[in-house]
Amino acid sequence: MNPQQPVQTAPGAPAPATAPIASAPAAEPTSANVEAPSSTQATLLISEIRDSMVIMKDGSFRAVVACKSINFDLMSETEREGVEYSYQNFLNSLNFTTQILIRSQRVDIGPYIERLTEIRRNNDNMLLGVLMDDYINFIDVLSQEANIMDKSFFVIVPYYSSPDAEKIVQQTKNLFKSFSKNKGPIITKIDRATYDKANSEMNTRIEAVIAGLFQIGIQSVRLNTKELGQLYYNFNNPDTAVREPLGDFRQVTGLYIKKGEKEATNG
């Protein structure tokens, strides 16, 4: 897979799509055009990713904060009460909705085995070589017989440019509303003033979330544009991501990511 073409989708979207990376133009941020109802991209709720934010088709924004876990079970009773009290205060301090995502992903230990094999090949100690062979075989068999999983924790922070839209979302209680064919209006253009306001408000909300998590003892960091691309690719392609990683994002220089446009065909 070409690392210059990551897949970007919204959380919970049923299908992935290919999104080329390009340099950010000076023009105002826009969302994707309306796709044909039968196309794959028509099922995606995401328009593009820029400035560490996800822009949805309805004109709303999302940011993601990655969190480290804490071992609650090993804490004393007093420490547990302190964590619970701090978590309660953190939730009460927020004046906007959030989503907490706990994701389990299969770990690919192939690179680790390759690294051990390389060390074994360059080792001249016979006894150490035998021990390393046994260890490599043990790890290889273990990876085939058991699914080695890794858990990741995220906090998704939304922002709606319209206060009425955010109020409607907060009041929505119907679980099956998200499966409706009517996904709401598709915004084809976002003006600069609206985008700048959303960017500023999102920064404020992220700072509040990170500070609140720090009070609990949880270290967290906001995902940038490249890390969001990796997250959405892995999230929507759990099996493929293990066999075909997206690539080394350190070699990607694009400032934002958006969905590809359908090429015109000559009939």
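Guide: The side chains of E118 and R121 form a salt bridge, at 4.0 Å from N to O; the term requires a side-chain nitrogen of Lys or Arg within 4 Å of a carboxyl oxygen of Asp or Glu. Side chains of opposite charge can pair when their charged atoms come close. Both residues belong to helix α2 (residues 110-121), and because they are three residues apart there, about one helical turn separates them. A search of the whole structure finds five salt bridges.

The model is a predicted one, in which local features need pLDDT of at least 70 and side-chain atom pairs count only at pLDDT 80 or more, while totals for chains, interfaces and linings use all residues. Residues are numbered from 1 along each chain as its sequence is written, and side-chain values use heavy atoms, with hydrogens and water left out. Helices (H or I, at least four residues) and strands (E, at least two) are DSSP runs, numbered from the N terminus.

Helix α2 also packs against helix α3 (residues 126-145), at an angle of about 165 degrees and with the axes 10 Å apart. Axes are lines fitted to C-alpha atoms, for helices over the stretch in contact, and the angles, from 0 to 180 degrees, are taken between N-to-C directions. The two helices are therefore roughly antiparallel, a term for angles over 145 degrees. The crossing of α2 past α3 is left-handed, meaning that the near helix is turned anticlockwise from the far one by less than a right angle.

On the α2 side, the contact (heavy atoms within 4.5 Å) is made by Y112, I113, L116, T117, I119 and R120. From α3 come G129, M132, D133, Y135, I136, I139 and D140. By class, these residues divide into eight nonpolar, two polar and three charged. Ala, Val, Leu, Ile, Met, Phe, Trp, Tyr, Cys and Pro count as nonpolar, Asp, Glu, Lys and Arg as charged, and the others, Gly among them, as polar.

The contact of α1 with α5 has seven nonpolar, three polar and no charged residues.

Key:
Parallel < 35°, antiparallel > 145°, perpendicular 65-115°, else oblique.
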